Amino acid sequence: MRVDVTVRLPAALRELADGRPAVILPVHDGDSTRALLRELAVRHPLLHRRLCDDRGELRRYVNVYVGEEDVRLCGLDAPLPAGAQLLVIPSVAGG
C-alpha cells in the first residue's frame with residue numbers, strides 16, 4: 001500500500017523544492033527513510049544533493065527527524081511509521 005510522507009523544509013532549503021515549505025512523497029507502507037530519500041532524489045534532485053552525499057548518506061551538517069526521533073539514532077533503514085512527518089534542519093554555523 002502507498003502512503004504519503006510529508007517532508008517539512010526550513011526556509012533556507014525551500015528554493016530547492018519550488019519554494020514549498022513541505023514536500024509530500026509517496027512511499028510504500030513500511031518503507032525506510034532511505035527509500036524516502038531515493039524518492040526525493042527523483043522528484044527534487046537538487047534538494048537531495050544538498051541533504052545527501054554521493055552514497056545516499058545524510059551529510060553531517062543535516063539533521064532529520066521522524067516525528068521527534070533523530071534519524072541518526074534510529075538509522076536510515078528503520079521503517080517509517082504510518083503518517084510519518086520528516087523535519088529537515090540544516091546546521092547553522094557561526095556564533
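Q: In this predicted model, why is D77 called exposed?
A: The relative accessibility of D77 is 54%. Exposed means over 50%, so D77 counts as exposed.

Q: What makes the contact of D77 with R34 a salt bridge?
A: The side chains of D77 and R34 meet at 2.7 Å, N to O. The cut-off is within 4 Å for a side-chain nitrogen of Lys or Arg and a carboxyl oxygen of Asp or Glu, and therefore the pair qualifies as a salt bridge.

Q: Why is the pair of D77 and R34 said to tie together parts that are apart in sequence?
A: D77 lies in the loop between α4 (71-74) and β5 (85-90), whereas R34 lies in helix α2, so the pair joins parts that are 43 residues apart in sequence.

Q: What joins R34, E57 and D77 into one network?
A: Salt bridges that share partners join these residues. R34 meets D77 in a salt bridge, and the side chains of R34 and E57 also meet in a salt bridge, at 2.9 Å, N to O. R34 lies in helix α2 (residues 33-43) and E57 in the loop between α3 (45-51) and β3 (62-66), so this pair ties together parts that are 23 residues apart in sequence.

Q: Why is E57 called partly exposed?
A: Its relative accessibility is 27%.

Key. Residues numbered from 1 in each chain as written. Predicted model: local features only at pLDDT ≥ 70, side-chain atom pairs only at ≥ 80, totals over all residues. Heavy atoms only, no water. Helix = DSSP H or I, 4+ residues; strand = E, 2+ residues; numbered from the N terminus. Buried < 20%, exposed > 50% of the residue type's maximum accessible area, 1.4 Å probe, protein only.
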